[in-house]
Amino acid sequence: MSGAPSSGPAPDALELAALLCSRVCHDLISPVGAIVNGLEVLDDNPKPEDRDFALDLIRKSAKTASARLQFCRLAFGAAGSSGAQIDLGDAQAMTRGHIEDGKTTIAWNLPRLLAPKNRVKLLLNMMVIAQQTIPRGGVLTVDPIGEGDGLGFRVAANGLNARMPQNIADLLSSGHLTSVDAHAVQPYYTRLLAQSCGLSVKLAPEGDAVVVTAS
């Protein structure tokens, strides 16, 4: 995302739902498209080496699509009844499956406990934002802030050329009223989740890192 969003009304509930659906579809188009491409190669009676390549592509892409679906279901979906609690250990597994690759790793320093659903959704969305600040990869370090009903989170992104996207910082701030499109909906939704938990979320540079905090 580039450039600051223009001023405009906040989306209503119907528009917010549509924008979030667009965001999820965007995350899934790439791996699903790769599966289709691999199947097309197999349909063309390929040479053995091309067949092996296609099967490997399908296998990896299906794994990626599954991991993204599981993550998006928890980060954006209902994932349990209203008032449900979610195991932070399960959240860790889904986050690693979605974010960790050859470039980005996660240092998860949270205790394994049950937390309110919206608080866990907030954490997962903070991870997505932190990942965007290190486009060339690095380490995301997750720590708790406080405990019990006041539990918040700190996600520090350390990586080569870590960047501070001001437009995302503005979208997280309740003092900024901005128009929201499918690119901007995720940080805006993160702000709404924080507000529902009685927390304030912000993005700021700290030394060589960029840090997302909710407290």
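1. Thr95 counts as buried, at 0% relative accessibility. Buried means under 20% relative accessible area, exposed over 50%, and partly exposed in between, with a 1.4 Å probe and protein chains only. Thr95 sits in helix α3. Helices (H or I, at least four residues) and strands (E, at least two) are DSSP runs, numbered from the N terminus. Leaving out residues up to four places away in sequence, Thr95 touches Phe71, Glu100, Ile106, Trp108, Leu124 and Met127. Contact here means heavy atoms within 4.5 Å.

2. A word on the basis. This is a predicted model, in which local features need pLDDT of at least 70, side-chain atom pairs count only at pLDDT 80 or more, and totals for chains, interfaces and linings use all residues. Residues are numbered from 1 along each chain as its sequence is written, and side-chain values use heavy atoms, with hydrogens and water left out.

3. The overall fold. The protein chain has six helices and seven strands. Their order along the sequence is α-α-β-α-β-β-α-β-β-α-α-β-β. The radius of gyration is 18 Å, close to the 17 Å that the globule rule gives for 215 residues, so the chain is as compact as a globular protein of that length. That radius is taken over C-alpha atoms, and the rule is 2.2 Å times the number of residues to the power 0.38. The C-alpha trace spans about 60 × 40 × 40 Å along its principal axes. Buried residues make up 43% of the 215 residues. Of the contacts with a separation of 6 or more, 69% join residues 24 or more positions apart.

4. The core. The largest nonpolar core holds 50 residues, and Leu123 and Leu140 touch the most other members. Helix α4 (residues 117–132) supplies the largest share, nine residues. Such a core is a set of buried Ala, Val, Leu, Ile, Met, Phe, Trp, Tyr and Cys residues joined through side-chain atoms within 4.5 Å. Beyond its neighbours within four places in sequence, Leu123 contacts Leu88, Trp108, Leu110, Val142, Phe153 and Val155.

5. Helix α2. Buried residues of α2 include Ala54, Ile58, Phe71 and Cys72. The buried residues of α2 pack against α1 (13–43), β1, α3 (88–99), α4 and α6.

6. Helix α6. Nine of its twelve residues are buried, so α6 is largely enclosed by the rest of the structure. Among them are Val185, Tyr189, Arg191 and Leu193. The buried residues of α6 pack against α1, α2, α4, α5 (166–172) and β6 (201–206). Gly198 follows α6 and has a positive phi, near 75°.

7. The partners are 113 residues apart: Phe76 is in the loop between α2 (48–75) and β1 (85–87), and Tyr189 is in α6 (residues 185–196). Both Phe76 and Tyr189 are buried.

8. Cysteines. There are zero disulfides in the whole structure, a disulfide being a pair of cysteine sulfur atoms within 2.5 Å. For Cys72, the nearest cysteine sulfur is that of Cys25, 9.6 Å away. Cys72 is buried, with a relative accessible area of 5%.
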